[in-house]
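I opened this model to look up a few local points and wrote down what I found. The entries follow in the order I made them.

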Amino acid sequence: VAGLVWTTLCVAVIIPHFASAGESPFIARYSELGTSPSAIAWSFVTHPVHTAALLVSGARRTYLLGLLAPLLFLSLLSPLLLLCVVPELLINMLSKDPYQFSIYFQYSSVITPFLIAGMIGGLARIRRLPGVIGRVSRMPVVCVVALLGAGIISGYRLGPLPFWQHIPGGSSRLVSQFTVTAHDRAMARATALVPGGVPISASNQLGGRLSARRRVLVWPVIDDAQWVLVDTQRAWLIDKPVKPRVQEPYLKALERNRAFTLVFDEDGVLVFARKAALR
C-alpha cells in the first residue's frame with residue numbers, strides 16, 4: 001500500500017512538477033497502452049485482453065523464464081513475496097523498450113532479491129511436505145546440488161560471462177563487454193579531459209563514465225553544460241540507440257555553436273568544451 005501511494009505521488013505530483021514537458025520523458029515507452037499515466041491506467045480497465053496479450057508475448061515469456069529458471073521456479077511457492085515484485089514486473093513487461101524486459105540490464109535489480117527470498121521460502125515449504133518429496137528435499141546435498149546445477153546450467157545457456165562462449169552451446173551474450181577495444185581506450189582518454197564536478201552533456205556510454213557529479217545532461221540536451229561528449233559510432237539520443245545519421249543534425253548544430261570548440265576527436269568520440277570554461 002505504501003508503495004502504491006508513493007508511486008501515485010511520484011507520477012501525479014513530483015514528476016509533473018519537475019519535468020519540463022509536464023510528464024515523465026519515459027512515458028513514450030508505454031505508448032501501446034496510452035499517452036499519459038491516466039490513459040495507461042484506464043487502458044488496464046477498458047482493454048484487459050490487450051494488456052494481457054502484451055504480458056504474454058514471446059520476449060516477455062523468455063524474460064520470466066530467465067528470472068525463474070535459475071531458482072528452479074521455487075519462488076512461485078512464495079506467492080505473498082511474489083506480490084512485492086508484481087508492480088516492477090508490470091513496469092518492465094508493459095514497456096516497449098526491450099532492455100526493460102531483459103535479464104541483462106539493471107531493470108531487474110529490484111525484482112531479484114524478492115525472487116531469491118521467495119526461493120528460500122519455497123524450498124522451506126517443500127521441506128515441510130510429507131512423503132518422498134519432503135524427505136528428499138530435507139537432504140542438504142540434494143538441495144545444494146540441485147540449486148548449484150540450476151545456476152551453472154542457467155549461466156551456461158544465459159549468462160554473460162565470457163568463458164561460456166568456448167563451450168559448445170554456451171552463451172555468448174554481451175561477451176564484447178569484456179574486451180577493451182581501441183574505441184574503449186578513446187572513450188577513456190576523452191573522459192579524462194573533463195574536469196570533475198562541472199556540468200556535462202554526454203551520450204549513453206560516455207555519460208556512465210562521468211556520472212559521479214551533481215549535474216549530468218543527456219545528449220542532445222546541452223543547456224548549461226560546460227563540456228559535451230558524443231560517441232558517433234554508438235549513437236544515442238536521450239535513452240534510445242539510433243542510427244548515426246539520426247544524430248547528425250544535432251552534431252552539426254553543435255559544431256556551428258560558437259560558444260563551443262572541439263577539443264578531442266578520436267575513433268568517432270568527440271569532446272566539445274565551452275570556450276568560456278577553457279579560459
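**Cysteines**

I began with the cysteine sulfurs: that of Cys-10 has its closest cysteine sulfur in Cys-84, 18 Å away, which is too far for a bond. Cys-84 is accordingly in no disulfide, a disulfide being a pair of cysteine sulfur atoms within 2.5 Å. The structure holds 0 disulfides.

I then looked up how accessible the two residues are. Cys-10 is buried, at a relative accessible area of 19%, while Cys-84 is partly exposed at 43%. Buried means under 20% relative accessible area, exposed means over 50%, and partly exposed lies in between, with a 1.4 Å probe and protein chains only.

**Notes on the model**

The model is predicted, so I note that local features need pLDDT of at least 70 and side-chain atom pairs count only at pLDDT 80 or more, whereas totals for chains, interfaces and linings use all residues. Residues are numbered from 1 along each chain as its sequence is written, and side-chain values use heavy atoms, with hydrogens and water left out.

**Strand β7**

Helices (H or I, at least four residues) and strands (E, at least two) are DSSP runs, numbered from the N terminus.

Which way does β7 run against strand β6? β6 (residues 260-266) and β7 are antiparallel and share 6 bridges; two strands pair if DSSP finds at least two bridges between them. Across this pair I noted Leu-262 opposite Phe-272 and Asp-265 opposite Leu-270. The hairpin of β6 and β7 has 2 residues between the strands, and Asp-267 takes a positive phi near 50° there.

I wrote down two bridge partners: Asp-231 with Val-269, and Leu-229 with Val-271. β3 is mostly covered, with 5 of its 5 residues buried. Trp-227, Leu-229 and Asp-231 are buried on one side of β3, Val-228 and Val-230 on the other.

I followed β3 to β1, and these two strands pair in the parallel sense over 3 bridges. Ser-201 is in β1 (residues 200-202), and its bridge partner in β3 is Val-228. Ser-201 is buried, with a relative accessible area of 0%. Leaving out residues up to four places away in sequence, I found that Ser-201 touches, among others, Leu-217, Trp-219, Ile-222 and Trp-227; contact means heavy atoms within 4.5 Å.

**Leu-278**

Leu-278 lies in helix α13 (residues 275-278). At 44% relative accessibility, I logged Leu-278 as partly exposed. Its contacts, leaving aside neighbours within four places in sequence, are Trp-227, Thr-261, Val-263 and Ala-273. I also took the C-alpha to C-alpha distance from Leu-278 to Phe-260: 9.9 Å, for residues 18 apart in sequence.

**Helix α10**

Which residues of α10 are buried? In this helix (residues 182-192) I found His-183, Asp-184, Ala-186, Met-187, Ala-190 and Thr-191 buried. Seen down the axis of α10, they fall within an arc of 160°, so they line one face of the helix; the arc is that of the directions from the helix axis to the C-beta atoms. An α-helix has 3.6 residues a turn, so residues three or four places apart point the same way. What covers the buried residues of α10 includes α11 (204-208), β3, β6 and β7.
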